[in-house]
Every structure is written in structure tokens, then in C-alpha cells.
Amino acid sequence: MANRNRAVDEARRLWHQKRVAFGDELRTRRLVIGARQRDVGSAIGVSASEISRRERGDAPNVTVVSLAEHAAAVGLRVALGMHPAGGAIRDSAQLRYIERFLSRVSVAFLRELEAVIPVAGDLRAIDIVLRTSGCLIAVEVITRLHDIQAQLRVAQAKARDIGATRLIIVLASTHANRRALDQARSALATAWDLDTRRVMGHLGNGRQPERNAIVLI
């Protein structure tokens, strides 16, 4: 919960910074085209004072649609994007699989849930980090496969950025997930250890697996 609250607070702070930056761009562009605040306001149906607030970054409730309209009025285009971040609300199924996985891991490992990526402004987090002498194992829990290659790429990027020596994907052992894993097995086998018993044997004995792995729990 603490990590999730921290992520939400960080998102608010970053959005404030973005509003100020957007405001500077809107003001600069307006001056470049020689328009007054009331001219822009008239074009999009708001007051000159509202335009002034937006240009100062002092309009916290401005909507994306309103921002896009404002930008268009001065010859700009808004481009938004979303990136995977930590602190997402977990469902009961994911918590159940986390508990099930950790029950089979040696107490020799130090454990951390929702380990935040140590990069300034980065809101992503690893579901579980296991630490022991000489290794840092990132563990991502996936309850449902949608696009296995895309989901693995996201997990690999987080593991890289947290400095993990190994990445373990804990996959819910459902019929649909097993079928999807079987279909991709030949493509995954060269890069991933897919033997759940062997990998969990290493973790149960306090050892780092020999390769990155996908386990069914």
C-alpha cells in the first residue's frame, strides 16, 4: 500500500510539472503567432482568464480534450502516451499466486514486494525481488497471458532497470495459460528455463536458477 500511495503522489507531482511545461509551450506559441489570450479563448469558448491560468500551469482540472483544443487553436498538437508503472491495485488472484510462490522459496532470500525501479521519476515496480549474496532475482506474477511476447518484454525491461541477475515469471497455472505457453514453448525454450520443478528446486534451496525462467504455480 505504501508503494502504491507513493506512486500516486509521484504521478500527481509529474502531472503538475507537465501542466507547467504545457503552459509555457502554449504561451510561447500564442506569442509567436501574435494572438491575444482573449483571441484564443474566443476560438475555443473559454475566458481569457482561463487561458491565462492554463499558460501558468494553474488549471489542475483541465481535461485532455480541452488541452487538445487549446493546442490546436495555436497550431500545436497534443501527443499523450502511457507506460507501465508500479503501484497498480492487485486483484485477489494475483495476491494468492504471490503467496503461493513465496511459500516455496527459501527463507535464505530477503524478500521485497513492489520493489520500485531506482530511477528518478520512474513509477514502475517489480512484483517481488529476492535478494541473497551475489544475486538479485526479479519476479513478475502474471495471472493471465494476453500477448506473451509483449508481457515478457515489459518484465525484461523492468528486470534490466532494477539490475536483476535473474528474471522469474510466475504464471498462474490455468488451462488457458498452459495452452498459450505450450504454443510458444519452442520459441521460448532457448532463452527461458520452462521446467517449474527444477527452477523451484533452486529457489527452495536458496540458490539462483541457472537461467531466466517461467514457472507455473
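User: Where is Phe109 found?

Analyst: This is a predicted model. In it, Phe109 lies in the loop that runs between helix 5 and strand 1.

User: Is Phe109 buried or exposed?

Analyst: Burial is read from relative accessible area, with under 20% taken as buried. Phe109 counts as buried because its relative accessibility is 3%.

User: Which residues does Phe109 touch?

Analyst: Leaving aside residues up to four places away in sequence, Phe109 touches Leu130, Arg131, Thr132, Cys135, Ile137, Leu203, Gly206 and Arg207. A C-alpha distance can also be set against separation along the chain. Phe109 and Asn205 are 96 residues apart along the chain, while their C-alpha atoms are separated by 9.7 Å.

User: How should I read the sheet, and in what order do the strands come?

Analyst: Five strands make up an open sheet, ordered 1-2-3-4-5, with mixed pairing. Strand 1 (110–116) and strand 5 (213–216) are the edge strands, each of which pairs on one side only. From one strand to the next, the twist averages 25°.

User: In what sense do strand 1 and strand 2 pair, parallel or antiparallel?

Analyst: Their pairing is antiparallel, over six bridges. As one case, Leu110 has Arg131 in strand 2 as its bridge partner.

User: Which strands does helix 5 touch when it packs on the sheet?

Analyst: Helix 5 (residues 92–102) touches strand 1, strand 2, strand 3 and strand 4 (166–171), and its direction makes about 10° with that of strand 2.

User: Which residues of helix 5 are buried, and why do they fall on the same side?

Analyst: An α-helix has 3.6 residues a turn, so residues three or four places apart point the same way. In helix 5 the buried residues are Gln94, Tyr97, Ile98, Phe101 and Leu102. They lie on the same side of helix 5 because they cover an arc of only 130° around the axis. Their packing partners are strand 1, strand 2, strand 3, strand 4 and helix 8 (196–204). The face turned away from the buried side of helix 5 carries Ser92 and Glu99, which are exposed.

User: What sits over the ring of Tyr97?

Analyst: The charged end of Arg96 does, at 5.7 Å from the ring centre. Tyr97 is also one of the buried residues of helix 5.

User: How many aromatic pairs does the structure hold?

Analyst: A pair of aromatic rings is described by the distance of the centres and the angle of the planes. The structure holds one such pair. Trp15 and Phe22 form it, edge-to-face, with 6.2 Å from centre to centre and 70° between the planes. Trp15 has a relative accessible area of 31% and is therefore partly exposed.

User: Which residue has a positive phi although it is not a glycine?

Analyst: Glu114, with a phi of about 50°. Glu114 is part of strand 1. With a relative accessible area of 8%, Glu114 is buried.

User: Where is Gly134 found, and is it buried or exposed?

Analyst: Gly134 belongs to the loop joining strand 2 (125–132) and strand 3 (135–142). Over 50% relative accessible area is taken as exposed. Gly134 is at 75%, so it counts as exposed. Gly134 and Ala164 are 30 residues apart in sequence, and the C-alpha to C-alpha distance between them is 11 Å.

Conventions:
Residues are numbered from 1 along each chain as its sequence is written. This is a predicted model: local features need pLDDT of at least 70, side-chain atom pairs count only at pLDDT 80 or more; totals for chains, interfaces and linings use all residues. Side-chain values use heavy atoms; hydrogens and water are left out. Rings of Phe, Tyr and Trp (its six-membered ring) pair if their centres lie within 6.5 Å; planes under 30 degrees apart count as stacked, over 60 as edge-to-face and the rest as tilted. Buried means under 20% relative accessible area, exposed over 50%, partly exposed in between (1.4 Å probe, protein chains only). A charge sits over a ring if NZ of Lys or CZ of Arg is within 6 Å of the ring centre and within 35 degrees of the ring normal. Helices (H or I, at least four residues) and strands (E, at least two) are DSSP runs, numbered from the N terminus. Two strands pair if DSSP finds at least two bridges between them. Axes are lines fitted to C-alpha atoms, for helices over the stretch in contact, and angles run from 0 to 180 degrees between N-to-C directions. Contact means heavy atoms within 4.5 Å. The arc is that of the directions from the helix axis to the C-beta atoms.
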